[in-house]
Amino acid sequence: MNPIDLDHVLTTLGAAAWSTDEQSRARVAGALALTVYDSRTRDQGTPYLEHPLAVVTLLRAEIRVSHPEALLLALLHDALEVAPESEALLVQHLGAPFTNRLRAMTADHRLEERPKAVGDETGWRFKQAALPSEDLLVRLADRLHNLRDLSASPNVDRRRRFLRSLKDFYLPLAEAARGLSPQLEAMRALLHAEYVQQQQEVRP
């Protein structure tokens with residue numbers, strides 16, 4: 001597979017249909033994504049950038065999201081998780097308001113570069129539940145793509161943990177938010193369908 005370049009990122013975003021100013025911002029965000037995710041891999045051994053690009057594609061193709069800022073947020077949603085030190089760079093090039101949205105979507109122990117501690121999971125759930133609708137949509141799309149990735153995982157215990165979290169938190173969260181927008185309603189339906197499918201695949 002060829003390395004992901006800026007043109008590929010811009011095509012995935014659908015930036016050709018954006019205004020001149022939005023395209024300029026997309027180029028900046030795309031360059032930052034290439035820098036922040038560079039040389040990082042996911043647990044599956046795949047280039048990390050493939051994941052945020054898949055989240056962008058999911059939002060565009062399955063949820064019909066076209067708002068540029070939402071798609072740029074999806075592109076960089078894991079930036080502060082994998083590289084907390086990139087915050088100043090993000091503020092410099094994309095502004096403090098955008099970067100603060102990324103902070104709100106990132107677990108505190110990741111931002112603070114420390115191991116996960118007692119209470120962090122509860123705090124993380126409160127943090128996600130407090131997100132505005134567009135940011136929550138991106139976070140749920142991230143979760144959906146992570147769940148779809150589990151189909152290739154041989155770790156059944158990990159799959160069960162993800163399904164338990166989906167049942168106990170993410171599905172109720174999506175259910176509570178479904179009336180906020182048609183996109184969140186569509187996301188709730190996709191998460192529920194994924195839960196049903198994965199539950200059938202996991203054996204006791």
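**α6 and α7.** I looked up where helix α6 touches helix α7 in this predicted model, and found that Glu 87, Leu 90, Val 91 and Leu 94 of α6 meet Ala 96, Phe 98, Thr 99, Leu 102 and Arg 103 of α7, contact being heavy atoms within 4.5 Å. By class, I noted six nonpolar, one polar and two charged residues in this contact; Ala, Val, Leu, Ile, Met, Phe, Trp, Tyr, Cys and Pro count as nonpolar, Asp, Glu, Lys and Arg as charged, and the others, Gly among them, as polar.

I then checked the axes of α6 (residues 87-94) and α7 (residues 96-104), which come within 7 Å and cross at roughly 140°. Axes are lines fitted to C-alpha atoms, for helices over the stretch in contact, with angles from 0 to 180 degrees between N-to-C directions. That makes α6 oblique to α7, the word left for angles that are not under 35 degrees (roughly parallel), over 145 (roughly antiparallel) or 65 to 115 (roughly perpendicular).

**Whole chain.** I counted twelve helices and zero strands, these being DSSP runs numbered from the N terminus (helices H or I, at least four residues; strands E, at least two). I also noted that the C-alpha trace spans about 50 × 35 × 35 Å along its principal axes.

**Lining of the largest pocket.** I sorted the lining residues by class and found eight nonpolar, eight polar and 15 charged. For the term, I wrote down that a pocket, on a 1 Å grid over the protein atoms alone, is an open set of points where a 1.4 Å probe fits, with protein on both sides within 12 Å along at least five of seven lines, and that lining residues have an atom within 4 Å of a point.

**Basis.** Residues are numbered from 1 along each chain as its sequence is written, and side-chain values use heavy atoms, with hydrogens and water left out. Local features need pLDDT of at least 70 and side-chain atom pairs count only at pLDDT 80 or more, whereas totals for chains, interfaces and linings use all residues.
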